[in-house]
Amino acid sequence: MRMPSLNRSVVAAAAVVAGLLTPAVAQEVFRHTVTGEDLKIMESSQPGGRDTEAVRSFLNTGVNPYTEVKEHLPKGEETFLSACSGCHGHFGEGKIGPGLNDSYWTYPKNKTDKGLFETIYGGAQGMMGPHHDLELDEILTVMAWVRHLYTGPIEEADWLDDEQKRAFTQFAQKHKDDDTACSGQTFERADAANHDVKPEKTAC
Ligand code: HEC
């Protein structure tokens, strides 16, 4: 049947509107660090925390907008201390899991935000299980905290842009020394955003 031209333009307009209303879908394909399989982020992630501005931007660009953004660091620290430090150490210095605060990466792709996200979300080998129990937005904050713990040469911090490299202050080594007196206990969240303040122990 011949479609009148008016209807055709209505159909075309509806298609454009539908396109605009479609929720953001990941432009990038995220793959398991070891097997390479598609992690199918939009189907497997927690429903909460999927639709923040940062997550939308990350899913399209592969760049974590929370890197070195002070107000997001305390949340990242909190998640790191509850979900990661038991294996990776309080400061990412390594324990039964490898160090995350130096410039050596078992999987070199972890030098990119996308690669780090894939490793955290999908897991790697052995005890490094998947972390899709965390909301996508939480993963971005914990990634920012991992980057913040970095103590290696700044020129190897590929995840920082030039401006971020200039502004980056190495996570104070003294925190590591302070920690030895206080096995596994955390310090005040406020310290997360300010290296110069002497950490206060909460419960030791
Ligand atoms: C139960 C212990 C355990 C927990 C909890 C854990 N990890 Fe791991 N992680 C490991 C082990 C073991 C490896 C080494 C796996 C491998 O080489 O494939 C690893 C590897 C990694 C790597 C790859 C490092 C590299 O050199 O390429 C990253 C990144 C990482 N973990 C981040 C995290 C983050 C972030 C969390 C918290 C959300 C976390 N891990 C929680 C045990 C753990």
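Start by selecting H3, helix 53–61: part of what covers its buried residues is H7. Helices here are DSSP runs of H or I with at least four residues, strands are E runs of at least two, and both are numbered from the N terminus. "Buried" means that 20 or more other C-beta atoms lie within 10 Å of a residue's own; 12 or fewer makes it exposed, anything in between partly exposed, and the C-beta atoms are placed from the backbone. This is a predicted model, where local features need pLDDT of at least 70, side-chain atom pairs count only at pLDDT 80 or more, and totals for chains, interfaces and linings use all residues. Residues are numbered from 1 along each chain as its sequence is written.

Stay on H3 and pick out Val55, Phe58 and Leu59, which are buried. They span an arc of only 100 degrees around the axis, so they sit on the same side of H3; the arc is taken from the directions that run from the helix axis to the C-beta atoms. Here's a handy bit of background: an α-helix has 3.6 residues a turn, so residues three or four places apart point the same way. Just past the end of H3, click on Gly62, where phi is positive at about 75 degrees.

Now zoom out. How many helices and strands does the protein have? There are nine helices and zero strands. Of its 204 residues, 28% count as buried.

Next, colour the largest nonpolar core, which has 26 residues. A nonpolar core is a set of buried Ala, Val, Leu, Ile, Met, Phe, Trp, Tyr and Cys residues joined through C-beta atoms within 7 Å. Which members touch the most others? They are Ile139, Leu140, Val142, Met143 and Val146. H3, H4 (73–83), H6 and H7 each put in at least two residues, and H7 gives the most, with eight. Click on Val142: setting aside neighbours within four places in sequence, Val142 is in contact (C-beta atoms, placed from the backbone, within 7 Å) with Gly76, Thr79, Phe80, Cys84 and Ile120.

Then go to H6. Nine of its 10 residues are buried, so H6 is largely enclosed by the rest of the structure. Among the buried ones are Leu116, Phe117 and Ile120. The buried residues of H6 pack against H7.

Now show the ligand. It has 24 residues around it, and the closest are Cys84, Cys87, Gly97, Ala124 and Gln125; a residue counts as near if its C-beta atom, placed from the backbone, lies within 6 Å. The elements giving two or more residues to this shell are H5 (85–88), H6 (113–122) and H7 (136–148).

Cys84 sits in the loop between H4 and H5 and is buried, with 20 other C-beta atoms within 10 Å. His88 lies in H5 and is also buried, with 22 C-beta neighbours inside 10 Å. Beyond four places in sequence, His88 is in contact with Gly94, Lys95, Gly97 and Leu100.

How values were computed. Contact = placed C-beta atoms within 7 Å.
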